[in-house]
Amino acid sequence: ARNCILSTLFHEPSTRTRLSFETAMLRLGGHVISSDNPGMTSAAKGETIADSVRVIENYADIIVIRHPSEGAARVAADYSEIPVINGGDGGHEHPTQTLCDLYTLKKEKKDLKGLHVVLVGDLKHGRTIHSLVYALARFGAYISTQAAKGLELPDHAKRRLREEFSAVPTKLNSADVVYIADSQGESSQNQINEMRGWDVNFSKEFKQKLNMNIDILYMTRLQKERLSVNADTKEYTTVVNQAFLKPDKYKNTTVLHPLPRNEELGYDMDNDPRGAYFRQAAYGVAVRMALITFLLELKAPHQTQQMAPNNSYRDYISPIGGIRCTNTRCITEERSEQRYLRPEFYYLDYHTISDTLRCIYCEHEVAPACYGYISNKKFFQNMSSFKQLTDNIIFFDSTESALKAGYTKSTSKNIKTKSF
Ligand code: NCD
């Protein structure tokens with residue numbers, strides 16, 4: 001990458017991600033320009049992400065962005081002419097950490113298929129988890145979730161696991177849920193439909209076997225910076241240390257952690273061969289070298305197998321006055337970005353849930369309360385008569401919002417004919 005420049009644009013603290021990206025670029029013979037203090041950039045003067053990247057693309061060949069708002073990296077990618085890598089966007093995702101995690105799993109355990117990976121801790125706000133779960137499902141691992149109280153996987157992640165990655169949830173014991181993916185998403189639509197029932201009964205023996213066979217414990221810290229001020233954190237998670245790992249079932253367990261650690265991971269694990277988290281951090285350089293190489297097209301990419309998830313959704317851009325994302329951390333709720341960004345959603349019409357909108361930026365889901373027709377500015381008081389999404393449809397979060405947007409109640413009967 002001798003003549004190439006990587007720009008790191010970090011609006012949140014980082015040690016591993018930024019430094020390993022920069023090391024990766026330097027090891028490839030390239031150069032780095034770095035901005036790790038948003039207070040010292042034009043962001044502090046109200047510059048939008050769209051404007052920042054349209055400037056930086058003239059200075060660099062590739063951008064890594066970390067930002068506190070969920071969906072920020074997607075906005076950057078939408079407006080940039082050069083590749084943009086998501087280095088973590090709020091509590092949403094952290095895809096390059098997942099690449100490091102997958103590489104570590106392969107190095108430590110050879111094959112991802114059939115591995116039993118237990119995810120522990122703050123599964124609600126941990127962005128590394130949100131990227132990792134889909135990858136694990138895609139490669140056919142068994143995923144157990146052992147969330148700290150109140151910090152379970154977000155609903156949209158559970159839904160995506162089930163609907164797009166055919167990962168079926170089942171209870172392991174009273175506290176844990178296991179996701180069992182079918183053979184790498186290859187099943188037919190019929191099979192997927194069958195699997196969409198909530199609790200598929202796997203045999204007791206199978207569950208017992210799974211319970212006794214823990215290949216990976218993936219620890220995460222409590223994401224204090226994303227908790228509401230009055231959140232009760234007393235009951236936070238298991239502490240993994242040598243005493244915890246005494247039982248036989250942990251004999252061959254590899255312990256991973258994206259780091260930084262807090263109390264959840266004991267220092268006595270550092271010299272225990274089962275603790276692989278420093279190796280995991282070290283692999284970050286090689287993995288990110290590979291990613292930069294791939295994105296800068298320095299080498300022809302390997303022939304990759306197409307394993308795209310099942311997610312061909314209709315896009316819905318909410319007109320002014322229409323429904324918005326309700327996640328206060330979403331990039332579409334940032335005042336500066338609202339100057340040019342419209343709330344945009346995937347329209348979900350699943351077997352298990354219908355007429356739901358998933359924000360394309362942060363993935364939080366909202367269910368419209370009612371809808372109207374843009375052409376005649378009439379709205380219907382609820383969704384019961386809703387038939388089909390067309391360009392003429394506007395969704396609202398309440399009848400008050402519809403009235404406020406200048407719509408009047410429709411008196412015509414809209415007979416529902418939609419079938420599932
Ligand atoms: C993680 C992050 O920033 O999300 N750290 C990392 O990039 N390795 C995990 C964390 O902060 O808990």
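Trainee: What lies 3.1 Å from a nitrogen atom of the ligand?

Mentor: That is a polar side-chain atom of Q97, and please keep in mind as we go that we are looking at a predicted model.

Trainee: And which residue has an N or O atom in its side chain 2.9 Å from an oxygen atom of the ligand?

Mentor: That residue is T17, and R221 also takes part, with a polar side-chain atom 2.7 Å from an oxygen atom of the ligand.

Trainee: How much of the ligand's accessible area does the protein cover?

Mentor: On its own the ligand has 320 Å² of accessible area, and the protein covers 94% of that.

Trainee: Which pocket does the ligand sit in?

Mentor: The ligand is found in the second largest pocket. Two elements each give two or more residues to the shell around it, namely α1, which spans 16-27, and α5, which spans 127-138.

Trainee: Which residues surround the ligand, then?

Mentor: Going along the numbering, the ligand is surrounded by R16, T17, R66, H94, Q97, R127, T128, R221, Q223, P258, L259 and P260. Sorted by class, this shell holds 4 charged, 5 polar and 3 nonpolar residues.

Trainee: You mentioned L259 and P260 there; is the peptide bond between them cis or trans?

Mentor: The bond from L259 to P260 is cis, with omega near 10°, and in general most peptide bonds are trans. As for its place in the chain, P260 belongs to the loop that runs between β10 (254-256) and α9 (277-295).

Trainee: Which residue has a positive phi although it is not a glycine?

Mentor: That would be S166, where phi is about 50°, whereas most residues other than glycine have a negative phi. You will find S166 in the loop between α6 (155-165) and β7 (167-171).

Trainee: Changing topic to the strands, what is the order in the open sheet of 4 strands?

Mentor: The order is β17-β15-β16-β18, and the pairing in this open sheet is mixed. At the edges are β17 (393-396) and β18 (408-409), each of which pairs on one side only.

Trainee: How do β15 and β16 run, parallel or antiparallel?

Mentor: They run antiparallel, and 3 bridges join β15, which covers residues 370-373, to β16, which covers residues 378-380. In general, the strands of a sheet pair through backbone hydrogen bonds.

Note on methods:
Residues are numbered from 1 along each chain as its sequence is written. This is a predicted model: local features need pLDDT of at least 70, side-chain atom pairs count only at pLDDT 80 or more; totals for chains, interfaces and linings use all residues. Side-chain values use heavy atoms; hydrogens and water are left out. A residue is near a molecule or strand if one of its heavy atoms lies within 4 Å of it. A polar contact is a pair of N or O atoms within 3.5 Å; within protein, one must be able to donate a hydrogen and the other to accept it, and residues adjacent in sequence count only if both atoms are side-chain atoms. Accessible areas come from the Shrake-Rupley method with a 1.4 Å probe; for residues, only the protein chains shown count as cover. On a 1 Å grid over the protein atoms alone, a cavity is a set of points where a 1.4 Å probe fits but cannot get out, and a pocket is an open set with protein on both sides within 12 Å along at least five of seven lines; lining residues have an atom within 4 Å of a point. A molecule sits in a cavity or pocket if more than half of its atoms lie within 2 Å of its grid points. Ala, Val, Leu, Ile, Met, Phe, Trp, Tyr, Cys and Pro count as nonpolar, Asp, Glu, Lys and Arg as charged, and the others, Gly among them, as polar. Two strands pair if DSSP finds at least two bridges between them.
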